[in-house]
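Welcome! Please take a moment to look over the structure below, and then we can walk through it together.

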Amino acid sequence: MKKIIISVIFSLMLLPCLFAQGGPGGVGTSSNNIFWIDANQMGLSNDDPVSAWSDLSGNSNNLSQGTVGNQPVYKTSQVNGFPAVRFDGTDDYLDFGTHISTSATTFFIVYNKTTTTENGVFTIQHHLLKDKNNKPYLSSESPFKSHFVTKPINSFSVLTGRTDASASGSRYMITDGFSFSNTIRNSLVNRGSSVLGAEYTSVATIGSYFTGDISELIIYNEDLSDAERTIVIEMLSAKYNLASYAGLYSYTATHSNSVKGIGMESDGSNTSAQGSDSLEISTASDLENSEYLLTGNDGGAYTTSLSTPITIAERWEKIWRVDETGDVGTVTLEFKLGSNGFASVSNYALIIENNDGDFSNGDVVTHTTGRSYSVGANSISFTGVDLADGDYFTLAEINSGITSISSGTWKTPSTWSCTCIPAGSDVVTIQNPHVVTIDSNVTVLNLTLSSGGSLTFSGSDSLKVFDELDIQSSSFTAGSGTVSALKSSGVQSFSNTSFSNITFNNLYVNNLNGLTLASGGWSISGSLQVSAGGLDVSSADSIVLLSDASSTSQILESMNSAFTGEFIIQRYIDTRNAGFGNMSSPISDATFNDLDDDLFLSGIGGINGNANTGSGGVFYSIFSYDPFLDAHDTIKDVNASMAPSFGYEVYLATTFSSLSATTIDFRGSPTNGDVRTPEANQVNKNWNLLGNPYHSHIDWDQSRAGFPISESYYVFNTDNGTYDFETGGSKRAIAPGQGFWVFNTLGGGIYVTFEESDKVVSTSSTYYRNKRQTSYPEFTLSSKVNNYQHSMHLNFDIFATENIDEFDTPELPSPLKEAPAITSRAKNSEEKLIFNTLNPLESSQIIPISVYAGVEGNHEISANNIDLLANNYSCIYLKDKVQNKTIDLLVDPVYNFDSQKGNSDRFELILSNDFNECDHIIENESFTQNLDRNLELRNSYNQWFLDYTLEEDLSKVEVRLFNLNGQEVLNPRNFSLSGSGSQPLGQLNNLKGVYLLQIRNKDEVLNKTIKL
């Protein structure tokens, strides 16, 4: 997708391919890099005589040899595939065009000596490099002194030497990557001519000819800093694959071309580096001592490649790689285009990849920050580039994409510049003042909502984004739509630069590398779901999961470890009577501070101080529940943790009598993944206070561990002052942030695991406190003195018994002593039941009814759904034994009576299929306990139960199973039981056949033949 302006094309055609170069490795310029030869730049064939060797430094100090017999020869592929010039050691040498007279110098030479005899390598006026007996050395005089290192013959290496311009007393440093010498020199030598491949002696003769190969020689007219010298050595070492004493560049195998760099040591730095490959590096923001950034390229061409991410139209074939030592901060990269430009100026981008160098398979960062074009240099620059060790980068062209040209719907071609419908591979921009409406499901690669542009969802359709979303306008209307982040590889980014909060209805993330909300403020009013990759909001200004009077956001079933950064999770609580509410935390790191700034709390040391009780003590408004002690604990520290899966009783009040509607803000990371109740909150026998750990409704039947934990759960109702319960297969899901009570009929040590799969789709704003209408026969006791009331329910099941069993649910007493209560009892137990299941096959039933009056005065019992009882029974009577009254509930379902404060067992509910039987029951003693047997065996829904009526002290019960041959087929099972109840015999579930079951305690033995 080339979009090159014609005038730019014409100007590029007039420019040479290569620009004026910087010094070797990007160190220096022609002013201090006074000489540079490279055999690879000669363009000769193997064994061609060398009559001239051009200087690359820009100073035109070219070497020459006019005498054919004295000319060395060109040899291809001598070191790492590069050529060299071979000198025969007899009479070959080359003259410098200009005598080099510098005193201070740093030189670098790549050569191989093939004999141990004394040879001159090169001579300039004040410096002479010779090699003898595997020891290259520099000379100083007055008196004569050699400064040498060890270098084996028949081996290429990078040799460097340096000194300053002092007359004497300075150091001569020389190293070849293996050995090092740093010695005090005397005065410099003085020679009358500069030659390569020989020594120009003090008596003005040429001799001591060099035997071997020279590939590259670089001479500076100054003593370079350690950083500059290190960079040049790294360039040469990478190019020729030779040892480097610093070893700073690690990518010589693939990116050894034109290595250059910036760096700093205590004696100086190299802050700008331009090489022969059109790239300049400069302006490091944080360059310090011992830090370097080096780059080399792969030798690729300046032609373009289509191996790119979808957002990029094309790129240069040439790819650079980075080796960073320390952290130099950000840099500026400038690409000299020459005749190799391929895009309009506004579409150039720097692309960076840190995985495998393949720009087509993801992990690509597109950088356009600080992009500028220099007409004079014909170059593109990028500022603030943060390169990391191992990064690959190159110059690319952004896919300029599709823009809106008018307002309209997304799928109307006339809305867009392409006269088409944008799809999942397109880069789209909605421009000012266009309003684009999504009225069906649409896809896009990149979407930019420009300032002044508008995007509106008209329904519940989805916008699927496969790369970046950039919202620059506040005119984003989510409606009931869904935005999906679906990038196939690489981190996906959504940014909000509109300076306004952007609200999504639903946000769905399914990207292996995740979605980042890169900037701005965000909200979600509907559903958030992260199926893959994670959601990182740490760079966003804020993200709020909204809750109000009409709806509450939700986090649907998501991957583990789905969230990074701080979320604000709102929970709306509507107006209600003052009283305790059951609450929990939807975030993993909450404290009671999250409640304290939104509610009036007392006794926790928070911002509101303390309220006093009537007796003058401190009123504690938050309680936890200890299942081990079966007792409430007061919360006294506002900084205490609100642990996930724990429920809390929180007194909700704005005035003495009511709570005004309010919204609680929880701040932190949403609870995510499977949550197992900890040991401190394991489910013990009797009552347990749990909490929904998620910002989502959950299905209690999926979360609970099964029997003996009840399928019913209880929530405190501030309107009637009692605990209402949900039960049955159609009970409501437990709301987000909801605490709730459950009952365990047996011993402790049971753990509940809440799982992501337990979540239920619902945006209901209900924070449970009101009892809903039930589908069971219901008996409600109301106080006429206050507004409190309480209900008891009946149910029917053919496997239910008249004794207490697994179908029955006990009462959870209200913490308010003024609240009334109505309960029933099973035949063999004093346990007060709020849910009593009867066997419909029994022709007559007599159910004891107890009432508790919290205050003295008039009370009322009302029967609801009485028609459900009439389906089974002809007569339905309520008998008041105190008043000796019998009320036909089919005629009058409401009964008023006066009561003293306290408990009373004054009522019986009489059910019968026969009116005569009803009359007989009423006229005679209405209820007697039948406790002939302490142990009964019963099968219910293919599950065997042991029903028991025992003393309150623990009694040991033993169960044995025998086959018909009298052989014991299971290990004996022992239980410690007390009171009345049902014990499941799970060990029988997997057996088939006829067996003898024996059950015994200290008082009784029960033998029964059963078929399994």
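Pro433 sits in the loop that runs between β36 (427–430) and β37 (435–438). The peptide bond joining Asn432 to Pro433 is cis, with omega at about 5°. Strands, like helices, are DSSP runs numbered from the N terminus, with at least two residues (E) for a strand and at least four (H or I) for a helix.

Another cis peptide bond links Ser142 and Pro143, where omega is about 0°. Pro143 belongs to the loop between β10 (135–141) and β11 (145–148).

## How to read the model

This is a predicted model, in which local features need pLDDT of at least 70 and side-chain atom pairs count only at pLDDT 80 or more, while totals for chains, interfaces and linings use all residues. Residues are numbered from 1 along each chain as its sequence is written, and side-chain values use heavy atoms, with hydrogens and water left out.

## The overall picture

The protein has six helices and 90 strands. Its radius of gyration, taken over C-alpha atoms, is 45 Å, well over the 31 Å that the globule rule gives for 1012 residues, so the protein is more spread out than a compact globule. That rule is 2.2 Å times the number of residues to the power 0.38. Along the principal axes, the C-alpha trace spans about 150 × 75 × 65 Å.

Of the 1012 residues, 55% count as buried; buried means under 20% relative accessible area, exposed means over 50%, and partly exposed is in between (1.4 Å probe, protein chains only). Among contacts (heavy atoms within 4.5 Å) with a separation of 6 or more, 66% are between residues 24 or more positions apart.

## An enclosed helix

How does the span of helix α2 (residues 226–240) agree with what its 15 residues should give? At 1.5 Å a residue, α2 should span 21 Å, and its end C-alpha atoms are 21 Å apart, which agrees. The expected span is 1.5 Å times one less than the number of residues.

Of the 15 residues of α2, 14 are buried, so the helix is largely enclosed by the rest of the structure.

## Residues within strands

Ser181 is part of strand β14 (residues 180–184). Is Ser181 buried or exposed? Ser181 is buried, at a relative accessible area of 8%. Setting aside neighbours within four places in sequence, its contacts are Phe148, Val149, Tyr172, Met173 and Ile174.

Tyr852 is in strand β78 (residues 844–853). Although Tyr852 and Gly902 are 50 residues apart in sequence, their C-alpha atoms are 5.4 Å apart in space. Beyond neighbours within four places in sequence, Tyr852 contacts several residues, including Leu781, Lys817 and Gly902.

## Residues within loops

Lys784 lies in the loop between β73 (778–783) and β74 (789–796), and is partly exposed, with a relative accessible area of 46%. Which residues does Lys784 touch, not counting those up to four places away in sequence? They are Asn858, His859, Glu860 and Asn896. Asn896 is 112 residues from Lys784 along the chain, and their C-alpha atoms are separated by 9.5 Å.

Asp47 is in the loop between β1 (33–38) and β2 (52–53). Asp47 is not a glycine, yet its phi is positive, at about 70°. Asp47 is partly exposed, with a relative accessible area of 43%.
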